[in-house]
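Work through the exercises below with the sequence and the model in view. Each task is followed by a stepwise solution.

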Amino acid sequence: MILPITNRHSSLNFSAKEQNEENKLPYTHDTVLKNTFSNRLRIGVDKLTNAMTVYPAKGLSGSKNANFYEFLTMGMVPYLVGSGMLMAIFNYNKPFSPFDKKAASTLGRRLALGVVFYAAAKSLSKLLITQPVKWMTGVDTEQPYAKVQYELPESVNDTDITSIEYHKVPESTEFVRWDLMYGPDDNAKTRNEPYDKIAKKLGLGSNLNDSDQEAKPRIREIVIKSATAKNIVSYLWAAIGVGIAMQECWDKFFNVATLKFWQGKKFAKSATTFVKTLGESVKEFYKGDKNCMNKYAGKALLGAAVLGTAVGVANVMTSSNKPSKLDSADIIEKSRKYVVN
């Protein structure tokens, strides 16, 4: 087993002064996080909050610590603002006559719901690739981790300036954080255990001397294929989300729905009606109407999404990096002499 050079359990200090207890970060070194819904939600809220407050302030002030991660994270803001503007434009009907205003409002509310369903389906559909791949290979292509970023002092009074960035372990196929995929440093016997499990699931064998070196090329291939499959399939499911939002049954829901959560009973009824209407809209989308084209459009799109997902997962499971079954005895001819230069 080849151990990487790592210093995960040490913390860097740029000053002799210790940080105050209240200023301590939740992590002292790069830390792998469990890929749970609560963690994903917490990470999303933290990134969005920083993208709207801290990161723009650093960029506008010309901070030397502003980086590419912060630039990419701020992309969340125009995405959300743009979505909100689309929803508002769809429902702007002041210039219309009363009769036309009602028709425009009916279509506008469905289009606004389509924006929400588009984003939700595009995001959630990636789990249809990630989870099966994780179950069958042991590789979590969305494994998050918290990175401790040590920043440069911007004034003479700055000491121990650190920030937290949230990344994914296989975020870069060229520079996968292999060190975060090992077991505890203090136990040499279990250090390679995560790679042992992955190698076994991938059919690379058991009790390998260097399971990490055997599994790494295959893991990189899985990450690349999964990313491609998710990018393609997510748009198919997003289109289905828009199609579901355009069904006529949503008109009844909008007539009774309310977002005023302080109106307890009415809001609870809205939530119940939403679930019921969602089921009806899925049925309507699948059945279509009597029109020849529309009758099969929903079925065709749903079939393409399901087939694309299945093919994407199957493609991830195939590999050209599987070890050869040939033994050294099948390659080396004992009757011949070999010279090593």
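**Exercise 1.** In which helix is Gly279 found?

Solution. Gly279 is found in helix 10, residues 264-287. Helices here are DSSP runs of H or I with at least four residues, strands are runs of E with at least two, and both are numbered from the N terminus. Next, take the accessibility: Gly279 counts as partly exposed because its relative accessibility is 32% (buried means under 20% relative accessible area, exposed over 50%, partly exposed in between, with a 1.4 Å probe and protein chains only). Last, the C-alpha atoms of Gly279 and Cys249 are separated by 9.9 Å, the two residues being 30 apart along the chain.

The model is predicted: local features need pLDDT of at least 70, side-chain atom pairs count only at pLDDT 80 or more, and totals for chains, interfaces and linings use all residues. Residues are numbered from 1 along each chain as its sequence is written, and side-chain values use heavy atoms, without hydrogens and water.

**Exercise 2.** Describe how helix 1 and helix 4 pack.

Solution. Start with the geometry: the angle is about 90 degrees and the axes are 9 Å apart (axes are lines fitted to C-alpha atoms over the stretch in contact, and angles run from 0 to 180 degrees between N-to-C directions). Helix 1 and helix 4 are therefore roughly perpendicular to each other, a term for angles of 65 to 115 degrees. Then list the contact, meaning heavy atoms within 4.5 Å: helix 1 gives Gly44, Lys47, Leu48, Ala51 and Met52, and helix 4 gives Met76, Val77 and Leu80. By class, these are six nonpolar, one polar and one charged residues (Ala, Val, Leu, Ile, Met, Phe, Trp, Tyr, Cys and Pro count as nonpolar, Asp, Glu, Lys and Arg as charged, the others, Gly among them, as polar).

**Exercise 3.** Characterise the largest pocket.

Solution. Its volume is about 2000 Å³ (a pocket is an open set of points on a 1 Å grid, where a 1.4 Å probe fits, with protein on both sides within 12 Å along at least five of seven lines; lining residues have an atom within 4 Å of a point). Of its 42 lining residues, Lys47, Ser123, Lys126, Glu142 and Lys168 are the closest to the centre. Helix 1 supplies the largest share of the lining, eight residues. The lining divides into 20 nonpolar, 13 polar and nine charged residues.

**Exercise 4.** Which helix gives the largest share of the lining of the second largest pocket?

Solution. Helix 7, residues 193-201, gives five residues. The pocket has a volume of about 430 Å³. Its lining has 16 residues, and those closest to the centre are Gly138, Gln143, Met181, Pro194 and Ile198.

Technical notes
Points joined across faces, edges and corners; volume = space filled by probe spheres on them. Parallel < 35°, antiparallel > 145°, perpendicular 65-115°, else oblique.
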